[in-house]
Amino acid sequence: ENGNWILTDVVKPIKITSFVADKSSPQLAESTIKLSATATDGNGTLEYKFTCKNTETNEEKTISGYSTKNTAEWTPMTAGTYKVSVIVKDSKDNTKEESIEFTIDPKYTDIVLNSINLDKTEVSVGEEISISADAKGGIGNLSYKFYYKNGTEYTLIKDYSSEASIKWTPEEVGEYYVFVDVRDSAGNIK
């Protein structure tokens, strides 16, 4: 009535100033990723909740429920693309959410070289041999390097490429041992 008023409540919006993971995307399934968030303002005590949602299956899981701890460890067990979120809540139940997208690749599997195949085991000098490798596993695409040993020397036939079979023509009489190295996209070699 006298033009004065009483302020009974001030709502300060929550500000999330950072939300980061200690490892960059992509990572392998079963890798532990530390998430951390920093928030300011809001009203009273801030609490953090971390969640992940597989964007392919829409399955959502809580990584850690609301607490004053602003970090969480996430160990995804399944490959896929995930929306990883932090939800910050203040004492008045106001919330603010921030998300990052994370790709999880299948867990590393060993490269298995099943066989090296030659279409001939004896040839004359100048006669072509077909050599192929049968391999599986690893991360991503496989590439193949073919080489031989004659005596004590190793000689490259063909450097790493996506081709699992090649043709080679021995130029000298001798006993040759043929080798194949298989490398995956992560640089693992068998």
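Here is a quick briefing on the chain shown above.

What you're looking at is a predicted model, where local features need pLDDT of at least 70 and side-chain atom pairs count only at pLDDT 80 or more, while totals for chains, interfaces and linings use all residues. Residues are numbered from 1 along each chain as its sequence is written, and side-chain values use heavy atoms, with hydrogens and water left out. The chain has 14 strands and 0 helices.

**Overall layout**

- Read from the N terminus, the elements go β-β-β-β-β-β-β-β-β-β-β-β-β-β; here strands (E, at least two residues) and helices (H or I, at least four residues) are DSSP runs, numbered from the N terminus.
- The chain is more spread out than a compact globule, because its radius of gyration is 29 Å, well over the 16 Å that the globule rule gives for 190 residues.
- That radius is taken over C-alpha atoms, and the globule rule is 2.2 Å times the number of residues to the power 0.38.
- The C-alpha trace spans about 115 × 25 × 25 Å along its principal axes.

**Contacts, surface and charge**

- Of the contacts with a separation of 6 or more, 57% come from residues 24 or more positions apart (a contact means heavy atoms within 4.5 Å).
- Buried residues make up 29% of the 190 in the chain; buried means under 20% relative accessible area, exposed means over 50%, and partly exposed is in between (1.4 Å probe, protein chains only).

**Backbone spots to look up**

- Serine 25 and proline 26 are joined by a cis peptide bond, with omega about 5 degrees.
- You'll find proline 26 in the loop between strand 1 (14-21) and strand 2 (27-28).
- Glutamate 30 isn't a glycine, yet its phi is positive, near 75 degrees.
- Glutamate 30 belongs to the loop between strand 2 and strand 3 (33-41), and it is partly exposed, at 40% relative accessible area.
- Aspartate 93 is another non-glycine residue with a positive phi, this one about 65 degrees.
- The loop between strand 7 (80-89) and strand 8 (95-105) holds aspartate 93, which is exposed, with a relative accessible area of 55%.
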